[in-house]
Amino acid sequence: DALAKAGADIEELKAREPIKSEAETVSRETEIVVVGGGIAGLAAAIEARENGAEVILVEKLPFVGGSTIRSGGKILAAESSIQAALGVEDNAADFAEFLMEIGEHQVDEECINLIAHNSGSNIEWLIDRGVEFAQELEPLHSYRSPDRGHFAANDSGSGFITPLEQKALELGVEILYSTPAIDLIQENGRITGIKATNDKGDDITITGKAVILATGGFSRNPDLIDEYFPVAGSFNTNVGEGNTGVGIVMGLNVGADVVMPNAGIDLMMNFITGHGYGEEATELFITPSGERFMDERDFHFTRTRILYDYEVDNFWYIIDEKSYDNRVAAAIEAGMAYEAETVEELASLINIDHETLKATL
C-alpha cells in the first residue's frame, strides 16, 4: 500500500528478479576490530582512530545504532559543563555512591567508580564529536538530587548515534553494515581477529591487534535468558533487534568469564497506559495476593527488585476514578485492566480474597 501510494509500479516490482551475487572468501587486515555499532562500538572506534589506529567496525544490521537509537537519548553524568552552566553543584563521588545505592551494593564498585568519575568528561567527549545536548537537565526521580539527566537536543538516541556515525566515517573508520560477526579467532592464547559473514554470504576473516566486543546484551535470545537470567520471568523488551548475545557467546567459546549472571535492568509496568514507569503512578501497588508491598513513590527499579523478593513477576496498580483517563480505558478494552464499582467486585475480577483487599485498602 505504501509503495502504491508513492506511485510505484507494483507489478513491475514483483517481476524484477533479485540480483544474486556469488559468495566470496574475503580476508582483511587492520589494527582494531570493533564488533557492534551502538554507542559503545562507535565511541570505541572513534577513540581508537583518533589515537592513530586503523579500525574496521562490523555491524550485523543494515544500520548502526543498536539499542541506543531506540532510546530517549538520555545519559546520567556528574560534574559536566551543562551542570556548571546551570549552577548545579555535583561531584563524581556522590554520583558513585548513588549508583551503588541504586544497585543495592550488588554491583562492581570498581566499575561504578570508573563510570561515575568519567561521566562528566564523557559528556564533553560527546559534545566535542558533534552530539548536541539540551541545555537543561532532567531529574532521574524527584527524590534524587542533584539533577544528572543529560539528554540529546532532539530527545532521541539518534541524537547520539547520527553524529557519532558521521564522525567515525569522517575519521576514516570503515563500517561494514549487514556484517554479523560469527566467531573470534584465537591464536596462542590471544584473540587475533573475527570470523564474519554478510548479506551476500561471504566468508569473511578480519585480523588485527585487538578485538573490541560491543554487541550489547541478550534480551532477544530466549535460550540465554533461560540460562543466565531465569528470574526475569515473562517479559517484553524494547532493546535493539541485534541484542541476541552473540558477543557473549563468542566470548564464552574462547573461555571468557560471565560477570553477574541472573541480573538486569527490569521494569514492571502496564504497556498500554505506561503506568509503572517513572513517577506518574503513585496510588496503591499490591502483590497478586493483595498485599501492599512498598512506598509507591519510590524508584521504579527498586519496585521490581522488591517484587522479585516476593517471587512474583507482576503486580496490581489500583486507582480510583480521579485517575481514570483514555489510556486506562484502552487498557480495560484490551483486557490489561479492570473496572469495578465495589471492592468486592474488583477482588473477584483480579482473583484476590475480598477481605484481604479490603484490609489492604
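1. Salt bridges come to 23 in this structure, a salt bridge being a side-chain nitrogen of Lys or Arg within 4 Å of a carboxyl oxygen of Asp or Glu. A word on the basis: this is a predicted model, in which local features need pLDDT of at least 70 and side-chain atom pairs count only at pLDDT 80 or more, while totals for chains, interfaces and linings use all residues. Residues are numbered from 1 along each chain as its sequence is written, and side-chain values use heavy atoms, with hydrogens and water left out.

2. For the overall picture, the protein chain has 13 helices and 12 strands; these are DSSP runs (helices H or I, at least four residues; strands E, at least two), numbered from the N terminus. The C-alpha trace spans about 70 × 60 × 45 Å along its principal axes. Of the 361 residues, 37% are buried, where buried means under 20% relative accessible area, exposed over 50%, and partly exposed in between (1.4 Å probe, protein chains only).

3. Have a look at Lys 200 and Glu 24, whose side chains meet in a salt bridge at 4.0 Å, N to O. The pair links distant parts of the chain, 176 residues apart: Lys 200 sits in the loop between E8 and strand E9 (203-207), and Glu 24 in the loop between helix H2 (10-15) and strand E1 (25-29). Lys 200 is partly exposed at 36% relative accessible area, and Glu 24 is partly exposed at 45%.

4. Arg 28 and Glu 174 form another salt bridge, with the closest N and O atoms 2.5 Å apart. Because Arg 28 lies in strand E1 and Glu 174 in strand E6 (residues 174-176), the pair ties together parts that are 146 residues apart in sequence. Arg 28 has a relative accessible area of 28% and is partly exposed; Glu 174, at 30%, is partly exposed.

5. Within helix H10 (residues 300-309), Arg 305 and Asp 309 are 4 residues apart, so about one helical turn separates them. Their salt bridge brings the closest N and O atoms to 2.4 Å. Arg 305 counts as partly exposed at 32% relative accessibility, whereas Asp 309 counts as exposed at 53%.

6. His 105, in the loop between helix H5 (92-102) and H6, has a phi near 60°, a positive value in a residue other than glycine. Asn 188 lies in the loop between strand E7 (181-187) and strand E8 (190-196), and its phi is near 55°, again positive in a residue other than glycine. His 105 is exposed at 58% relative accessible area, and Asn 188 is exposed at 82% relative accessibility.

7. A cis peptide bond, with omega about 0°, joins Ser 145 and Pro 146. Pro 146 is in the loop between helix H6 (109-128) and strand E5 (149-151).

8. Thr 215 belongs to the loop between strand E10 (210-213) and helix H8 (222-228). This residue counts as buried, at 16% relative accessibility, and its side chain reaches the backbone nitrogen of Gly 247 at 3.3 Å.

9. Finally, around H11: Glu 321 lies in the loop between strand E12 (316-318) and helix H11 (326-333) and is exposed, with a relative accessible area of 74%. At the start of H11, a side-chain oxygen of Asp 325 comes within 3.1 Å of the backbone nitrogen of Arg 327. Just after H11, Gly 335 has a positive phi of about 80°.

Technical notes: Polar contact = N/O pair within 3.5 Å; in protein donor to acceptor, adjacent residues only side chain to side chain.
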